[in-house]
Amino acid sequence: MADTLEFNEIYQEVKGSMNDGRLRLSRQGVIFKNSKTGKVDNIQASELAEGVWRRVALGHGLKLLTKNGHVYKYDGFRESEFDKLSDFFKAHYCLELTEKDLCVKGWNWGTVRFGGQLLSFDIGEQPVFEIPLSNVSQCTTGKNEVTLEFHQNDDAEVSLMEVRFYVPPTQEDGVDPVEAFAQNVLSKADVIQATGDAICIFRELQCLTPRGRYDIRIYPTFLHLHGKTFDYKIPYTTVLRLFLLPHKDQRQMFFVISLDPPIKQGQTRYHFLILLFSKDEDISLTLNMNEEEVEKRFEGRLTKNMSGSLYEMVSRVMKALVNRKITVPGNFQGHSGAQCITCSYKASSGLLYPLERGFIYVHKPPVHIRFDEISFVNFARGTTTTRSFDFEIETKQGTQYTFSSIEREEYGKLFDFVNAKKLNIKNRGLKEGMKQSYDEYADSDEDQHDAYLERMKEEGKIREENANDSSDGSGEETDESFNPGEEDDDVAEEFDSNASASSSSGDGDSDREDKKPAKKAKIVKDRKPRKKQPESKKGKDPNAPKRPMSAYMLWLNASREKIKSDHPGISITDLSKKAGELWKAMSKEKKEEWDRKAEDARRDYEKAMKEYSKADSHRGERSKKKKKKQEKQVKGKGDKKGTTSKSSSSKSPAKGMSDSFKSKEFVSSDESSSAESKKEDSEDEGAASPPPSSEDSASGSD
């Protein structure tokens with residue numbers, strides 16, 4: 001028989017909701033890992049007291065009872081797996097896996113049994129339902145009646161809030177069955193009551209989520225946040241993780257407490273408690289316990305009298321009481337030397353911390369993403385400027401997180417970190433099949449978008465090659481050659497591992513000189529159409545045939561309404577992106593159909609253009625003759641004016657002749673230049689203008 005059994009897609013019932021995960025049975029015990037939160041439940045084999053197999057809504061389920069009264073329920077098994085589990089329990093746990101069916105008679109009277117932390121309502125020997133008493137938030141009594149109220153579960157679609165039991169009176173004297181029922185419930189219920197004095201109190205701590213100033217009272221089993229408006233009692237059992245994160249300004253510290261289930265403020269749920277401390281703030285702390293109790297309870301992790309920075313004292317006390325490790329940033333460093341990256345998530349700006357086993361974003365809203373739940377990451381071009389980029393993370397459950405407005409100087413550091421953690425990088429993964437990248441980035445700016453991706457991929461390839469050839473010394477020289485003050489540097493310059501410390505400035509200048517022509521070419525490419533637009537508008541004839549559409553534009557005009565109906569409320573930008581994706585995914589046969597339509601439109605355009613050019617040439621000849629007549633009349637008036645001015649002085653005839661001669665040459669040059677300009681305009685419109693006739697040239701020479 002195998003030493004371990006593993007089951008995927010098993011659901012653990014916790015407070016009415018089903019949390020999916022993986023279940024592993026081994027000689028040492030039972031381990032269940034929650035896929036959503038990463039929380040691990042470990043049941044030692046020596047603690048198991050009973051195993052029950054029964055039919056449930058999701059197939060078949062396994063209920064495990066421990067010797068200390070805890071109950072664990074796992075659903076999602078197949079009926080055929082019973083024999084395998086039963087043999088495993090007998091061989092390794094020395095337990096008989098018993099089959100017990102639920103009662104489905106529908107009766108509402110029966111017997112209540114209390115076993116460990118479980119209330120079981122039975123009819124005969126069969127249970128009808130079971131209530132984990134840890135889910136009970138309040139228990140009230142009335143005449144022959146007991147009311148149980150439950151903690152609200154945000155993950156469940158429907159939450160059970162209240163159950164009432166009618167307890168009939170008994171003939172026994174001195175025993176109230178209602179009070180006995182309530183005491184059995186309250187002894188195991190999760191009702192937090194502040195009994196006794198607090199171990200210590202931290203006054204007026206700045207809390208970012210929930211926002212405000214709170215006094216934190218530390219009790220043995222729970223944490224009490226006391227504010228001006230709200231109070232929260234947080235059991236230590238709900239604390240999932242602790243984080244201590246340095247702020248980017250190096251003068252403040254974040255202390256983050258991850259909670260499951262979260263605390264509630266109205267309809268708002270807070271999965272993270274974030275405290276902000278100043279590094280300069282110190283405190284002297286005295287625990288409200290004698291030294292023997294401190295030593296016995298905390299085993300040297302705390303002392304009765306402690307002093308130091310406020311954030312150190314809070315984190316130290318929380319670590320000792322919660323009994324969980326504090327997660328701090330690893331060896332990641334950004335271009336400014338900080339252990340975090342400034343970015344934006346949704347509408348707010350914050351800090352993204354790459355950790356050893358995940359990412360955490362603070363602070364609005366806080367997000368924690370573990371590496372084992374990441375499907376892939378993606379580096380995307382910034383939507384508003386080329387000086388920043390977006391970092392996208394998609395989980396295995398399909399949830400996507402986009403951290404935007406990251407400075408491009410951070411790109412290389414973040415890429416190297418992700419690469420070292422062996423996360424799937426979508427940009428690099430699609431390097432061999434370039435067509436898929438077009439589907440991902442199909443929009444109206446495809447050329448620039450793809451060029452940016454190509455540059456990023458090429459830089460990643462160069463860095464990988466340089467990393468294999470470079471030594472530790474060259475890595476230090478890379479950091480020295482980095483200059484964050486030069487904003488015009490390209491991303492590749494910051495991570496050039498071949499640049500030495502002595503020649504870093506020279507290499508940087510040479511790199512910029514090499515890349516300047518590319519930038520100029522790009523600027524000319526962008527501005528060239530803008531310069532041509534006014535020229536084309538001046539000489540454009542409204543009667544000229546319109547240029548034919550491409551195959552894609554013909555298809556888009558025909559499909560635009562269908563795309564709008566399939567995606568109601570879609571914006572123009574998203575519509576163009578969606579159309580690009582559909583066009584890229586279209587089969588070759590369908591594209592050929594639109595190519596034929598585009599070819600037919602082009603032929604019709606050429607035919608119409610020929611007819612238009614013939615008519616335009618006739619109109620040009622008539623306008624030229626009319627213009628020449630007007631010019632001759634102007635010349636005649638000039639000659640008459642010259643003869644009248646001869647009698648005024650002896651110098652005036654020469655001047656008049658020179659003016660008239662000059663005027664004649666000037667008019668003829670205007671004719672030639674106007675003819676050339678008309679020829680150029682006609683060529684731009686697609687029609688060739690005819691050469692001037694012999695009569696026109698003769699009249700011009702005259």
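**Charge, loops and backbone angles in a predicted model**

Biologist: Which helix holds Lys319?

Modeller: This model is predicted. Lys319 falls within residues 310–322. That run is helix H4.

Biologist: Is Lys319 buried, partly exposed or exposed?

Modeller: The relative accessible area of Lys319 is 43%. Buried means under 20%, and exposed means over 50%. The value for Lys319 lies in between, so Lys319 is partly exposed.

Biologist: Which residues gather with Lys319 in a patch on the surface?

Modeller: The patch is one of positive charge.

Biologist: What kind of peptide bond joins Thr209 and Pro210?

Modeller: Most peptide bonds are trans. Pro210 sits in the loop between strand E15 (200–209) and strand E16 (212–218). Omega between Thr209 and Pro210 is about -5°. The bond is cis.

Biologist: What is phi of Glu299?

Modeller: Most residues other than glycine have a negative phi. Glu299 lies in the loop between helix H3 (291–298) and strand E23 (305–309). Its phi is positive, near 55°.

Biologist: Is Glu299 buried or exposed?

Modeller: Exposed means over 50% relative accessible area. Glu299 has 63%, so Glu299 counts as exposed.

Biologist: Where does Lys346 lie?

Modeller: Lys346 is not glycine, yet its phi is positive, near 60°. Its relative accessibility is 67%, so Lys346 counts as exposed. Lys346 is in the loop between strand E25 (341–345) and strand E26 (348–354).

Conventions
Residues numbered from 1 in each chain as written. Predicted model: local features only at pLDDT ≥ 70, side-chain atom pairs only at ≥ 80, totals over all residues. Heavy atoms only, no water. Patch = residues over 30% accessible without salt bridge, like charges linked within 9 Å, V, L, I, M, F, W, Y side chains within 5 Å. Areas by Shrake-Rupley, 256 points an atom, 1.4 Å probe, with all protein chains shown as cover. Salt bridge = Lys/Arg side-chain N within 4 Å of Asp/Glu carboxyl O. Lys, Arg positive; Asp, Glu negative; His and termini not counted. Charge placed at Lys NZ, Arg CZ, Asp CG, Glu CD. Helix = DSSP H or I, 4+ residues; strand = E, 2+ residues; numbered from the N terminus. Buried < 20%, exposed > 50% of the residue type's maximum accessible area, 1.4 Å probe, protein only.
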